[in-house]
Amino acid sequence: MRPVPRINAIATALPDGEIDSHYRNWAQAQLRQDKQRRVFARMSARGGIDRRFSVLGAGQSHFDAGSFYGGDQAPGTAQRMAIYASEAPRLALSAIARLPDIAGVTHIVVASCTGFLAPGLDQIIARQLGLSADVERISIGFMGCYAGITALRTAAHIARSDPDARVLTLAVELCTLHLQETEDLEALLAMGQFADGAAAAIISTSGAGLAMGEGISAALEESSDLITWTIGDTGFAMHLSGAVPGRFGAALEDSDLVSRLGNGTPLDRIDAWAVHPGGRSVLDAVERGLSLPEDRLQVSRTILRECGNMSSATVLFVLEQILKQRPETGLALAFGPGLALEGFRFGWTGDAG
């Protein structure tokens, strides 16, 4: 009988700097027309986000004249990556410190899409934790918001192939390092969803936790230009089309995809839904497209409201809360560039393995 990988524990961390209202002031100042400012204010207020956090610090300081985003020129990519190199390991280690036990780690899987450095986060974190030099490491980069799902599934594959494995899985994103000066209303609204955060998990084949079942992958045709993530001279420029929610909603009405998601179980019978909150309209589209009861996405909506969209880390924030509920059945889903959908089925197990 094949060993069953399970998520034994999840812990998360946020930076101290709360920035949502200060970002909104900075963004509105870039819009020249009063009508655009009114639309931005109205759409932001309806976005389902109350709080977002940044490693740049609290308050208005990084938007004031002469500050990181308040200089005569936009900060360059090298300047942004220097902050990533110092702050990404710090935030990741903060999440790891909240895990109940990291003894016996044999593998590390790290997902991060908002920065690059070498030696990578995997090596830096292993050294900071004092792990054995023979710990195996995998880094997953630039996959976007569904990379958290990919990291968890990669850890599950490792545990399934090596029943003695104990995999430390991380997702850390510093999205606020990549704000762009622009007069484009859609771009400013899209940037207003993203935030910084880190999540850590332990995956093994023993102990209680969320047993991980089959994976689900789907790429949508003729949609590759709707979400793009481009490296430029002033950081990574995100393009998030307003057409994304509708495109995902329409895809989720496809009977073949719905059948794959449920794998024989009616969707309204699935207890827990760990859906990446890519935005309020995305969650609304998932709810409508799959005809889900209103309460099924409540955890995702709460994480969006309290933390914003932290790219790959966000779905782990959702799973952290669902893990406490010990659901009998569940489905994790995340969306990103492609357009693509990634997911896996899960359900509580108390078995020793």
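These legends go with a set of close-up views of one predicted model.

**View 1. The largest pocket, sitting between two domains.**
Start with the space itself: the largest pocket has a volume of about 860 Å³. Of its 45 lining residues, L189, A190, Q193, L240 and G278 are the closest to the centre. Domain 1 (6–208) and domain 2 (210–348) both contribute to the lining, so the pocket lies between them. If you sort the lining by class, you get 22 nonpolar, 17 polar and 6 charged residues.

**View 2. The helices and strands around the largest pocket.**
Which element gives the most to the lining? That is α6, with 4 residues. Helix α6 spans 185–191. Other helices that supply at least two lining residues each include α1 (20–29), α2 (34–45), α7 (244–251) and α9 (280–289). Strands do their bit as well: β9 (227–232), β10 (235–240) and β12 (330–336) each bring at least two residues to the lining.

**View 3. Q193 and its contacts.**
Here we zoom in on Q193, one of the residues closest to the centre of the largest pocket. Look for Q193 in the loop between α6 and β7 (196–204). Is Q193 buried or exposed? Its relative accessibility is 18%, so Q193 counts as buried, the cut-off being under 20%. Leaving out neighbours within four places in sequence, Q193 is in contact with I49, R52, L240, G278, G279, G308 and N309. Among these contacts, L240 and G278 also turn up in the list of residues closest to the pocket centre.

**View 4. C145, annotated as an active site.**
The "active site" label on C145 comes from an unreviewed UniProt entry, and such annotations may be inferred rather than shown by experiment. In the model, C145 sits in the loop between β5 (136–141) and α5 (147–161). With a relative accessibility of 10%, C145 counts as buried. What does C145 touch, once residues up to four places away in sequence are set aside? The list runs F194, H276, N309, S311, S312, A334, F335 and P337.

**View 5. A cis peptide bond at P119.**
Most peptide bonds are trans. The bond joining A118 and P119 is cis, with omega at about -5°. To find the spot, follow the loop between β4 (107–112) and α4 (121–129), where P119 lies.

**View 6. Positive phi at S291 and R326.**
Most residues other than glycine have a negative phi. S291 has a positive one, near 50°, and phi of R326 is likewise near 50°. S291 is in the loop between α9 and α10 (298–307), while R326 is in the loop between α11 (314–325) and β12. How do they stand for accessibility? S291 counts as exposed at 59% relative accessibility, and R326 counts as exposed at 55%.

**View 7. A85 and G115.**
A85 belongs to helix α3, residues 77–96. The relative accessible area of A85 is 32%, so this residue is partly exposed.

How values were computed: Residues are numbered from 1 along each chain as its sequence is written. This is a predicted model: local features need pLDDT of at least 70, side-chain atom pairs count only at pLDDT 80 or more; totals for chains, interfaces and linings use all residues. Side-chain values use heavy atoms; hydrogens and water are left out. On a 1 Å grid over the protein atoms alone, a cavity is a set of points where a 1.4 Å probe fits but cannot get out, and a pocket is an open set with protein on both sides within 12 Å along at least five of seven lines; lining residues have an atom within 4 Å of a point. Grid points are joined across faces, edges and corners, and a volume is the space filled by probe spheres set on the points. Ala, Val, Leu, Ile, Met, Phe, Trp, Tyr, Cys and Pro count as nonpolar, Asp, Glu, Lys and Arg as charged, and the others, Gly among them, as polar. Domain bounds come from an automatic or database domain assignment. Buried means under 20% relative accessible area, exposed over 50%, partly exposed in between (1.4 Å probe, protein chains only). Contact means heavy atoms within 4.5 Å.
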